[in-house]
Amino acid sequence: MSEPVPRKILVVDDQPMLAKAIRRMLAGHDVTVAGGARDALTKLEAGERYDVIISDLMMPGMSGMELHAAIATLAPEQVARMVFMTGGAFTPQARTFFEEVGCPTLEKPFDRAGLLAAIDSLLV
């Protein structure tokens with residue numbers, strides 16, 4: 001069995017401890033952490049591109065849904081590479097969003113196997 005290919009992954013979360021834990025789960029990959037959606041957009045505006053973007057759904061200032069919409073305009077090829085994390089509290093707007101975009105979703109708390117499975121589902 002061959003080693004998995006290291007992927008370039010952007011983790012977008014306003015909780016530094018959670019972002020750090022996700023980075024540890026993704027050991028072996030090239031992981032960049034953005035402290036929020038605006039930070040992630042700055043990276044994309046600078047020309048950065050990722051194999052996968054893992055984003056929290058609910059963040060102060062700009063939600064994951066708003067980030068998805070901004071990326072769809074800025075770098076449309078990147079929206080199909082998004083995975084969302086959620087605490088499970090779905091607003092009607094969030095439920096409709098997930099039905100429309102069809103991005104993989106991870107409910108917190110999740111484990112490494114679930115995280116890697118969500119990433120793999122995008123890279124098949």
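Mentor: Gladly, and keep in mind that this is a predicted model.

Trainee: S55 stands opposite F84 in β4. What makes β3 and β4 a strand pair?

Mentor: Two strands pair if DSSP finds at least two bridges between them. β3 and β4 have four bridges, in the parallel sense, so they meet that cut-off. β1 and β3 also pair in the parallel sense over four bridges, and there V12 stands opposite S55.

Trainee: Why is S55 called buried?

Mentor: Buried means under 20% relative accessible area. S55 has a relative accessible area of 0%, so the label buried applies. S55 belongs to strand β3, residues 52–56, and five of the five residues of β3 are buried.

Trainee: Which residues of β3 point one way, and which the other way?

Mentor: V52, I54 and D56 point one way, while I53 and S55 point the other way. Leaving aside neighbours within four places in sequence, S55 is in contact with V12, G64, L67, M82, V83, F84 and M85.

Trainee: F84 is there again. Why is the pair of F84 and F97 called edge-to-face?

Mentor: Ring centres must lie within 6.5 Å to pair, and planes over 60 degrees apart count as edge-to-face. For F84 and F97 the centres are 5.4 Å apart and the planes are at 85 degrees, so the pair is edge-to-face. The structure holds one aromatic pair. F84 lies in strand β4 and F97 in helix α4, 13 residues apart, and both F84 and F97 are buried.

Trainee: How do you know that the charged end of K8 sits over the ring of Y50?

Mentor: The distance cut-off is 6 Å from the ring centre, and there is an angle condition of 35 degrees from the ring normal. The charged end of K8 is 5.3 Å from the centre of the Y50 ring, so the distance test is passed.

Trainee: Which residues touch the most other members of the largest nonpolar core?

Mentor: Of its 22 residues, those are V12, I53, L67 and I71. The elements that give two or more residues are β1, α2, α3, β4 and α4, and α2 gives the most, with four. Another core, of 16 residues, lies apart from that one and includes I9, V11, M25 and I54.

Notes: Residues numbered from 1 in each chain as written. Predicted model: local features only at pLDDT ≥ 70, side-chain atom pairs only at ≥ 80, totals over all residues. Heavy atoms only, no water. Core = buried A, V, L, I, M, F, W, Y, C linked by side-chain atoms within 4.5 Å. Buried < 20%, exposed > 50% of the residue type's maximum accessible area, 1.4 Å probe, protein only. Contact = heavy atoms within 4.5 Å. Phe/Tyr/Trp six-rings, centres within 6.5 Å; stacked < 30°, edge-to-face > 60°.
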